[in-house]
Amino acid sequence: MSFATRASVSAARNRALELARGEFVCFLDHDALLHPEALAAMAGKLREGFDVGYSDEDKLDDASGLLTEPFFKPAWSPEYFRGATYVGHLLCLRRELAASVGFDPALDGVQDFAFMLRVSETDARITHIPRGMLTIAEK
Amino acid sequence: MRANEVVSVLRPLIVHHAGRVKSKLPLISIVTCTFNTRPRWLAEAAASVLNQTFADWEWCLSDAGSDNPEVGEMLQSLGKRMTRLR
């Protein structure tokens, strides 16, 4: 656990990455929920030899309890990604890769897109899991 | 939900997961940053982590300077109970 006073989200992410010991890291927002099979599906893909995996996602309408706004994403295309930030959550990747790319506090607000753009410039093998593995609970 | 209820709500899931952990080091680290996180959503997020069919994970938490002191207290009390929380 790590605490800071008025830290940027990027700095907080970097400190959390320093705590991590796993071969892979998954980013889970504090207002999001994992599908019960999310890590199993990611672990399966990463063991196949991929370095990065991202899944579809949806949202929870808290008043009705219904899942809404499913986001069915396209397969990985670095060219398309330059103009459309569709990777989002759930994102899992090799810890060493995540740590070497890191989050730039100067880019808070677009930190996720900036991070994934830099990942896409490496030779990482990136794959899409076409299942809703993460639900955004509160936005 | 109140901050001091989070751990008691999660206790059965924490005990169940602890019994499923076999390895010394996790394969996957889940990284979550908190900021003025409401107790209910922290509990829901934690439950979704603890309910994973894949058990070999750790949960790394980093607070981005919450104004609400309850957030830190929730994380500290969770950390005392969850072996795979960092």
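A salt bridge is here a side-chain nitrogen of Lys or Arg within 4 Å of a carboxyl oxygen of Asp or Glu. The model is predicted. Across all chains, the structure holds 14 salt bridges.

In chain A, Arg131(A) pairs with Glu37(A) through a salt bridge. Their closest N and O atoms are 2.9 Å apart.

Glu69(A) belongs to strand 4 (residues 66-71) and Lys59(A) to strand 3 (residues 52-61), so the pair ties together parts 10 residues apart in sequence. Glu69(A) is exposed, at 52% relative accessibility. Lys59(A) is partly exposed, at 27%.

In chain B, the side chains of Glu44(B) and Arg40(B) form a salt bridge of 3.4 Å, N to O. Both residues lie within helix 2 (residues 39-50) of chain B. They are 4 residues apart, about one turn of the helix. Glu44(B) is partly exposed, with a relative accessible area of 30%. Arg40(B) is also partly exposed, at 26%.

Salt bridges with shared partners also build a network in chain A. Glu23(A), Asp51(A), Arg94(A) and Arg125(A) are joined in this way.

Technical notes. Residues are numbered from 1 along each chain as its sequence is written. Chains are lettered from A and ligands numbered from 1 in the order in which they are written. This is a predicted model: local features need pLDDT of at least 70, side-chain atom pairs count only at pLDDT 80 or more; totals for chains, interfaces and linings use all residues. Side-chain values use heavy atoms; hydrogens and water are left out. Helices (H or I, at least four residues) and strands (E, at least two) are DSSP runs, numbered from the N terminus. Buried means under 20% relative accessible area, exposed over 50%, partly exposed in between (1.4 Å probe, protein chains only).
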